[in-house]
Amino acid sequence: MSDTRIPVWLDCDPGHDDTFAILLAAYHPAIRILGVSTVFGNASLEKTTHNATSILTAISQSASIPVYIGASKALFRPPMHPPTDIHGETGLDGTALLPTPLVPPITTVPAIDAAYAALKSTAPGTAWVVATGSFTNAAALFMKYPELIPHIAGLSLMGGALGNGFTPAILGTVDGVPRIGNWTQFAEFNILADPEAASFLLTHKDLCRKTTLIPLDVTHLCLTTAEVQELILYGPEGLQPGMTPGKGKTKLRQMLVELLLFFAKTYADVFGITEGPPLHDPLAVAAVLSGLDGEEGGHKIPFYEHDPSVGVGIEGKGERYEVSVVTEGTYEEAKAGARTGQITARLLPPGEEGVRIPRGLDLGVFWRVLEECISRADEANERAGAVKKEVGVPGA
């Protein structure tokens, strides 16, 4: 029987929310994760690579999903300082439960070459590239191997911010000034980290029509509220007799909520968003599921691609956009007020091909599907623990 799962190459910079992107990609039953590549961003490349291997160990996938080391800086820019005020010094501050990696990253093959080989091995029109950190690796991949562009099904990017009421999401305030971006007043971090890479991907005439962009306007609708944190901590059954309040149903769930609590504090302190931190990166993974059947209780996570003022449930393809990126200016000038890294999007006439930018998603379905993936990871961890006990591994 043929494997009908969606092949996905995940490029990331773990990162608190990247943890959930990896988990969703690894345990969603409709996704076959081909590999993970790391990139600079939420922390240095050394730290994001360590974090990726640690996360895969925490969900019993270190032996199944290879990790490759990608770019340590932007395509044409000097190294930038990571956002330690959001993710901490390690990129995954907030918990002591992250395990020592069992499997190291692969160092014999460059990340983009590994991605190319894995993607080319898939059937044409089936595989997706998902990038949730700076877009350096993704751009380098398609620059070096342009023949991949007609081969893949799609490219899903988490990045950018539009503002101007694109969605009802609150984007935050810093020092009393409302902002669009999360790194400067105008720019989202992943775009600003490598605006030339972002511009290449979002303006390429053949690639843009296969590209989905998940901006802050959408991710800030997806807040990990106290109710969501309880769902992750205890499971859908909630706190049961015999369980300790505040203690996770499993060690993995405890770790995930500890990461969220750190993320929540930094988002409240820096941006004034107190309902809970937005979970950015898993939405870029969820976007690859748009082609699935949407049966109730199924695996698809519906995204909405129309202005709700126009109506919901419009037949045919959703809105498509022409996207541009401001590349002028240095990192320092951006911090001083330049619009470096800002994106703009022009709505295209119906039927024209362009970048897909959803305006929202079914959050109830998203949280249900994510929790189901956590449950599958719990089961895998339980099986792995049983094997360790059987063979006499100390501390199992």
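What follows is a chat about helix packing and nonpolar cores in a predicted model.

Visitor: Let's start with helix 5. Is it mostly covered or mostly open?
Guide: Mostly covered. Helix 5 spans residues 136–144, and seven of its nine residues are buried.

Visitor: Which ones are buried?
Guide: Thr136, Asn137, Ala138, Ala139, Ala140, Leu141 and Phe142.

Visitor: And how do helix 4 and helix 5 cross?
Guide: Helix 4 is residues 111–120, and its axis comes within 9 Å of the axis of helix 5, with a crossing at roughly 65°. That crossing is right-handed.

Visitor: Which residues meet there?
Guide: From helix 4 you get Ile112, Asp113, Ala115, Tyr116 and Leu119, and they meet Asn137, Ala140, Leu141 and Lys144 of helix 5. By class, this contact has six nonpolar, one polar and two charged residues.

Visitor: Switching topic: in the largest nonpolar core, which residues touch the most other members?
Guide: Leu10, Ile59, Ile301 and Phe366, out of 64 residues in that core. Helix 14, residues 363–391, supplies the largest share of the core, with nine residues.

Visitor: What is isoleucine 59 in contact with, leaving aside neighbours within four places in sequence?
Guide: Isoleucine 59 is in contact with Ile22, Leu23, Ala26 and Tyr27, then Leu252, and also Ala377, Ala380 and Asn381.

Visitor: How many residues are in the other core, the one lying apart?
Guide: That core has 40 residues, including Ala131, Phe135 and Cys208.

How values were computed. Residues numbered from 1 in each chain as written. Predicted model: local features only at pLDDT ≥ 70, side-chain atom pairs only at ≥ 80, totals over all residues. Heavy atoms only, no water. Buried < 20%, exposed > 50% of the residue type's maximum accessible area, 1.4 Å probe, protein only. Helix = DSSP H or I, 4+ residues; strand = E, 2+ residues; numbered from the N terminus. Axes fitted to C-alpha atoms, helices over the stretch in contact; angles between N-to-C directions. Left-handed = near helix turned anticlockwise from the far one by under 90°. Contact = heavy atoms within 4.5 Å. Nonpolar A, V, L, I, M, F, W, Y, C, P; charged D, E, K, R; others polar. Core = buried A, V, L, I, M, F, W, Y, C linked by side-chain atoms within 4.5 Å.
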